[in-house]
Amino acid sequence: MGLVEWAKSPWGQDVPIHIAWFLLWVSAIGGLVFLVVHAIYVRYWATPEHAGAVPPDLARKLPERIQRHSLAARLFHWIMALAMFVLLFTAFLPKVGVQFAWVTWHWIAGVVLTASIIFHIIHASFFMDFWSIWPDKADIEDASRRLRRALGQSAPEPRKFAKYPLENKLYHGVIVLAGLAATLTGVFMMFRVRTPFFTRNPYLFGDMTWGLMYVLHGLAGVGLIALVMVHVYFAVRPEKFDITKSMVFGDISREHYLEHHDPERWVPETTTSK
Ligand code: HEM
């Protein structure tokens, strides 16, 4: 059972045409196993996070609600989420037997996703704190402290998080890779179908290049099944629900901020902005 399906080109060459579709079940079941194992771990083994002391003068200086996501960032998130769900359902329902004319809906959602990603890159680079989502030295140091403490060795207490915990940063990095792979290949694949943007040109690349492009698109696509499942799971977990609400309303409470974040590592904006 190969991971890729092959065909013979008109010149007799073996070329890949796309991934083997059982991989979508591997991803979906892998995602499900992760959720179940994580839920059991949290229920029976995880120790509650410590809440370090907060200087009272700092607590007094902070507003009751702390701005976490600007309106532009929230709109981007929900437009991207909608496009992502349309892409996943249009791509994979036909592969599990639900037949419909999916390609047009698929590329339209693809264009929306691509446009929203371009917007996000510009927004994050020039109007947001670009580095807040990438792991820094303190994250690595704290991860190693946590690991040593979990193994029963002595290590200084890890700090509270900056705006984003290391896990969120790593998740973001992986979804950037999968998202860029799906969108970059998807834009080229639009030359294979009829769209109003450019003349269809299936001869833009040779059979081998097209085949590899479909394989990469498919791999990124199935990877996104598990990634989206994990994301939605964390969004609905009770202890993360305040964060999910902040993606709707934009802010978190002062108590939540002080419990989970280090004010020296994440200085919240005092105005609603950008
Ligand atoms: C969540 C992201 C995405 C997923 C899960 C996904 C999944 C898929 C899958 C599984 C296929 C079938 C490929 C094959 O037959 O080998 C496909 C085809 C296609 N996708 Fe996507 N895709 C995504 C994003 C995009 C984006 C962003 C675009 C456009 C910008 C796009 C445009 C296309 C096009 C044009 C096809 C080819 C249809 C054809 O040749 O019949 N996709 N996609």
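Reader: Which hand does the crossing of α1 and α7 have?
Author: A crossing is left-handed if the near helix is turned anticlockwise from the far one by less than a right angle, and right-handed if clockwise. Here, α1 and α7 cross in a right-handed way. This is a predicted model, where local features need pLDDT of at least 70, side-chain atom pairs count only at pLDDT 80 or more, and totals for chains, interfaces and linings use all residues. Residues are numbered from 1 along each chain as its sequence is written. Helices (H or I, at least four residues) and strands (E, at least two) are DSSP runs, numbered from the N terminus.

Reader: What angle and distance describe the packing of α1 and α7?
Author: In general, two packed helices are described by the angle between their axes and the distance between the axes. Axes are lines fitted to C-alpha atoms, for helices over the stretch in contact, and angles run from 0 to 180 degrees between N-to-C directions. For α1 and α7 the angle is about 20° and the axes are 8 Å apart. That makes α1 roughly parallel to α7 (under 35 degrees is roughly parallel, over 145 roughly antiparallel, 65 to 115 roughly perpendicular, and the rest oblique).

Reader: Which residues make the contact between α1 and α7?
Author: Two residues are in contact if their C-beta atoms, placed from the backbone, lie within 7 Å. Among those in this contact are L24, S27 and F34 of α1, with V222, I225 and Y233 of α7. By class, the contact of α1 with α7 has 11 nonpolar, 4 polar and no charged residues. Ala, Val, Leu, Ile, Met, Phe, Trp, Tyr, Cys and Pro count as nonpolar, Asp, Glu, Lys and Arg as charged, and the others, Gly among them, as polar.

Reader: Is L24 buried or exposed?
Author: A residue is buried if 20 or more other C-beta atoms lie within 10 Å of its own, exposed if 12 or fewer, and partly exposed in between, with C-beta atoms placed from the backbone. L24 is buried because 20 other C-beta atoms lie within 10 Å. L24 belongs to helix α1, residues 23-44. Leaving aside neighbours within four places in sequence, L24 is in contact with F92, K95, V222 and I225.

Reader: How do α3 and α7 pack?
Author: The angle between α3 and α7 is about 125°, and their axes are 11 Å apart. The two helices α3 and α7 are therefore oblique to each other. Their crossing is left-handed. M84, L88 and A91 of α3 meet G221, L224, I225 and V228 of α7.

Reader: And what is the angle between α3 and α4?
Author: It is about 150°, with the axes of α3 and α4 8 Å apart. That makes α3 roughly antiparallel to α4. The contact includes A83, L87 and A91 of α3 and W105, A109 and G110 of α4. By class, the contact of α3 with α4 has 15 nonpolar, 6 polar and no charged residues.

Reader: Which residues come nearest to the ligand?
Author: A residue is near a molecule or strand if its C-beta atom, placed from the backbone, lies within 6 Å of it. Of the 25 residues around the ligand, H18, A91, G110, G186 and G221 come nearest. The largest share of this shell, 7 residues, comes from α4. The shell around the ligand divides into 15 nonpolar, 9 polar and 1 charged.
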